[in-house]
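Subject: Structure handover and notes

Dear colleague,

Please find below the sequence and structure that I promised to pass on to you. My notes on what was found follow directly after.

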Amino acid sequence: MSDAKEMKTLMHPTTHLGLDEESTKVDETQYRAMIDSLLYLARSGPNIMFSVCLCARFQKEPREVHLTVVKCIFGYLIGTPNLSLLFKRRESFKLMSYCEVDHAGDKVERKSTSGSCHLIEGNLVTWICKKYGSTTLFTTKAEYMLAASCCNQLLWIKDQLEGYNIYESKIPIYCDNRANIS
């Protein structure tokens with residue numbers, strides 16, 4: 001992949017991968033090795049986490065269409081070598097969280113995918129991207145389950161900060177579901 005085409009964007013937002021029976025099969029060993037490398041990189045790069053995990057779902061019988069997306073991810077990494085997380089030193093430790101659910105967004109199993117990030121004074125400290133094991137009938141329920149998960153993570157972070165004598169009393173969780181906000 002050293003001579004791969006550089007890319008400035010990771011994946012088109014409308015890209016949906018599925019079990020493509022028409023596309024030709026590719027070497028499973030090579031595909032899995034590429035996914036393993038990307039999963040290692042995704043631990044420190046939340047910008048590629050969702051795309052890598054999406055491609056990892058097809059390790060059993062990878063097809064040409066899946067390999068093309070994996071190669072695009074490598075092209076994105078080649079095209080953005082200086083893109084990294086930035087942590088700025090601040091005097092305060094304001095904690096906050098953002099969460100979002102793509103209700104039944106998985107085109108194969110029709111399950112919801114959720115994501116959340118937790119920040120201390122604008123610095124990203126933890127993030128989660130997860131596909132739910134069950135299908136929810138309502139968007140509100142999926143959003144509520146994610147908000148509860150965010151709350152659990154924030155309570156853990158708050159507990160860790162209190163070990164350093166840093167106390168936070170009001171921690172906002174930002175979501176876009178009006179029913180959950182109410």
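In this predicted model, the axes of helix 1 (residues 28-42) and helix 2 (residues 46-56) come within 9 Å of each other and cross at roughly 155 degrees. Because angles over 145 degrees count as roughly antiparallel, that crossing makes helix 1 roughly antiparallel to helix 2. The crossing in which helix 1 passes helix 2 is left-handed. On the helix 1 side the contact is made by Tyr31, Ile35, Leu38, Leu39, Leu41 and Ala42, and these meet Pro46, Ile48, Met49, Val52, Cys53, Cys55 and Ala56 of helix 2.

Helix 1 also packs against helix 3, at an angle of about 40 degrees and with the two axes 11 Å apart. Helix 1 and helix 3 are therefore oblique to each other, and here too the crossing is left-handed. The residues of helix 1 that take part are Tyr31, Met34, Ile35, Leu38 and Leu41, which meet His66, Leu67, Val70, Lys71, Ile73, Phe74 and Leu77 in helix 3.

Which residues of helix 2 are buried, and what covers them? The buried residues in helix 2 are Ile48, Met49, Ser51, Val52, Leu54, Cys55 and Ala56, and their cover includes helix 1, helix 3 (64-79) and strand 3. Helix 2 itself lies across strand 2 and strand 3, and runs at about 10 degrees to strand 3.

That brings me to the sheet, which is an open one of 4 strands in the order 3-2-1-4, with mixed pairing. Strand 3 and strand 4 (173-174) are its edge strands, each of which pairs on one side only. Strand 2 (residues 113-120) and strand 3 (residues 123-131) run antiparallel and are joined by 8 bridges, whereas strand 1 (residues 95-102) and strand 4 run parallel and are joined by 2 bridges. In general, strands of a sheet pair through backbone hydrogen bonds, either parallel or antiparallel. The hairpin of strand 2 and strand 3 has 2 residues between the strands, and in that hairpin glutamate 121 takes a positive phi near 50 degrees.

Serine 116 lies in strand 2 and stands opposite isoleucine 128 in strand 3. With a relative accessible area of 7%, serine 116 is buried, and, if residues up to four places away in sequence are not counted, it touches Tyr98, Cys99, Thr126, Trp127, Ile128, Leu146 and Cys150. Asparagine 123, which lies in strand 3, has 10% relative accessibility and so counts as buried. Leaving aside neighbours within four places in sequence, asparagine 123 is in contact with Leu86, Phe87, Lys88, Arg90 and His118. From asparagine 123 to phenylalanine 93 the separation is 30 residues in sequence and 9.8 Å in space, taken C-alpha to C-alpha.

Cysteine 55 is buried, with a relative accessible area of 0%, while cysteine 72, at 24% relative accessibility, counts as partly exposed.

Finally, a few words on the protein as a whole. The protein contains 5 helices and 4 strands, and along the sequence these follow the pattern α-α-α-β-β-β-α-β-α. Its C-alpha atoms fill a box of roughly 55 × 40 × 25 Å along the principal axes, and buried residues make up 36% of the 182 residues. Of the contacts between residues at least 6 apart in sequence, 68% join residues at least 24 apart.

Conventions: Residues are numbered from 1 along each chain as its sequence is written. This is a predicted model: local features need pLDDT of at least 70, side-chain atom pairs count only at pLDDT 80 or more; totals for chains, interfaces and linings use all residues. Side-chain values use heavy atoms; hydrogens and water are left out. Buried means under 20% relative accessible area, exposed over 50%, partly exposed in between (1.4 Å probe, protein chains only). Two strands pair if DSSP finds at least two bridges between them. Axes are lines fitted to C-alpha atoms, for helices over the stretch in contact, and angles run from 0 to 180 degrees between N-to-C directions. Angles under 35 degrees count as roughly parallel, over 145 as roughly antiparallel, 65 to 115 as roughly perpendicular and the rest as oblique. A crossing is left-handed if the near helix is turned anticlockwise from the far one by less than a right angle, and right-handed if clockwise. Contact means heavy atoms within 4.5 Å.
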